[in-house]
Amino acid sequence: MNMQQEPIFGTTIFDGEQAMKGYALNKMCFSFNDKAARDEFVVDEEAYFGKFNLTEVQKQAVREKNILGMIEAGGNIYYLAKLAGIYGLSVQDCGAQQTGMTTEEFKQKLLEAGE
Amino acid sequence: MAEIIGGLTSSHIPAIGNAIANGLQDDPYWKPFFDGFPPIRNWLGEKKPDVAIMIYNDHGLNFFLDKMPTFAIGAAHEYHNADEGWGIPVMPPFQGDAKMSWHIIEQMIEQEFDITSCQEVKVDHGFTVPIQLFWPDRGPDMPMVIPVCANTVQHPIPTMKRCFDFGKALGKAVRSYPENKRVVVLGTGGLSHQLDGARAGFINREFDKMCMEKIVSAPEELTKISRHELIKQAGAQGSEFIMWMMMRGALPANVTALHENYHIPISNTGAGTMLLECQ
């Protein structure tokens, strides 16, 4: 991807720079494929952050369940989805949070795209 | 000799796996999507392919950012699904045609596509959901599988042209296999959708329909679309369309679109389903 390209609204290209920035956060999320890891995280988030050396910015975004903040901190949506799963957030819940809507409004917007 | 008899496309959204697990096929939200499959299942029931080449992308079940192959091909007798972390049921293992896999791997590298061979690879919803849609009972007609995994996670992802060319090399590799096998190639994922960022929920019907039209009769034209343009027009995860291009490249120039279906929305996605029969 040529990074000199014009930006696309509301879209972060997950390139090498993002991948380096988000490595610890994404690695933590990748671990959540295992149920034991998810359970461990739920018991003590802070201790679990430490195992993966999350940056303070990444920790804060996760504490706040702030998806745009996680993306800004290098999170990749495919890995973040596993964290969202722990919190019981669907992709519509995540979409709603990122676009400042309620989940119902976000679902309505998707339905309207089909009309 | 092996023969490619057709190409299939399908979205591979995890919510589809949940809908199947909950028996929602006739629910008003889901019906227009699931109705796109019986004609293709009938065709598969009639043609009975021996092997299905499943082109998909891993979503963080098998591959992590520590090592991210651009193109990987499974070379195992059996492939396992596993817990992805958010609750779709884990499916029983899939039988692989390892012998044909190795032939394809050798022939791809001979043609200078330096792919990654995988004797162990966990297959995620990108692989399992299309199988559930096309072979829901996984009965005696269920073909053996060969997973082909493309990187859509970590940019730079391969270009549309490279993916189309990959498909051409794949097709040539399959057709040089000495055993009489009937093969279908599945291009999964897409169509337009975006899960992340302030543009989450983006869907582009016009672009999707254009892609579904051109992929039949003028796929070369689609190779001119840059990755940046693809993301702009199809959304960040709409870039999964590159796997449709890989599928199409494996088919001959002339194909007949026997069936197609397009529906918005399935979860956050414009869902496209196609059956392309080789002429």
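In which kind of crossing does H2(A) pass H7(A)? Keep that in mind while we meet the two chains. This is a predicted model, in which local features need pLDDT of at least 70, side-chain atom pairs count only at pLDDT 80 or more, and totals for chains, interfaces and linings use all residues. Residues are numbered from 1 along each chain as its sequence is written, while chains are lettered from A and ligands numbered from 1 in the order in which they are written.

Start with chain A. It has nine helices and zero strands. Helices (H or I, at least four residues) and strands (E, at least two) are DSSP runs, numbered from the N terminus. From the N terminus on, the elements of chain A therefore read α-α-α-α-α-α-α-α-α. The C-alpha atoms of chain A fill a box of roughly 45 × 35 × 20 Å, taken along the principal axes. Of the 115 residues in chain A, 42% are buried. A residue is buried if 20 or more other C-beta atoms lie within 10 Å of its own, exposed if 12 or fewer, and partly exposed in between; the C-beta atoms are placed from the backbone. Now take contacts in chain A between residues at least 6 apart in sequence: 57% of them join residues at least 24 apart. Two residues are in contact if their C-beta atoms, placed from the backbone, lie within 7 Å.

Back to the opening question. H2(A) passes H7(A) in a left-handed crossing. A crossing is left-handed if the near helix is turned anticlockwise from the far one by less than a right angle, and right-handed if clockwise. The contact uses Asn26(A), Cys29(A) and Phe30(A) from H2(A), and Tyr79(A), Leu80(A), Lys82(A) and Leu83(A) from H7(A). By class, this contact has five nonpolar, one polar and one charged residues. Ala, Val, Leu, Ile, Met, Phe, Trp, Tyr, Cys and Pro count as nonpolar, Asp, Glu, Lys and Arg as charged, and the others, Gly among them, as polar. The axes of H2(A) and H7(A) come within 8 Å and cross at roughly 55 degrees. Axes are lines fitted to C-alpha atoms, for helices over the stretch in contact, and angles run from 0 to 180 degrees between N-to-C directions. H2(A) and H7(A) are therefore oblique to each other. Angles under 35 degrees count as roughly parallel, over 145 as roughly antiparallel, 65 to 115 as roughly perpendicular and the rest as oblique.

Next, look at where the chains meet. Chain A gives 39 residues to the contact and chain B gives 33 residues. On the side of chain A, helices H2 (23-31), H3 (35-43), H7 (77-86), H8 (91-99) and H9 (103-113) each give two or more residues. That side has 20 nonpolar, 13 polar and six charged residues.

Chain B brings in a sheet. Eight strands form an open sheet in the order E6-E3-E7-E2-E8-E1-E10-E9 (chain B), with mixed pairing. Strands E6 (116-118) and E9 of chain B stand at the edges, each with a single partner strand, so one side of each has no neighbour in the sheet. From one strand to the next, the twist averages 20 degrees. Two strands pair if DSSP finds at least two bridges between them.

Follow a few pairs. E2 (residues 51-56) of chain B runs parallel to E7 (residues 144-150) of chain B, joined by six bridges. Val51(B) stands opposite Met144(B) there. E10 (residues 269-278) of chain B runs antiparallel to E9 (residues 255-266) of chain B, with nine bridges. Here Asn261(B) faces Thr273(B). E9(B) and E10(B) form a hairpin with two residues between them, and Ser267(B) in the turn has a positive phi of about 55 degrees. E1 (residues 3-10) of chain B also runs antiparallel to E10(B), through four bridges. Eight of the 10 residues of E10(B) are buried, so this strand is largely enclosed by the rest of the structure.

Finish with a loop. Lys181(B) lies between H6 and strand E8 (182-188) of chain B. With 19 C-beta neighbours inside 10 Å, Lys181(B) counts as partly exposed. Leaving aside neighbours within four places in sequence, Lys181(B) is in contact with Ala2(B), Asp50(B), Val51(B) and Met100(B).
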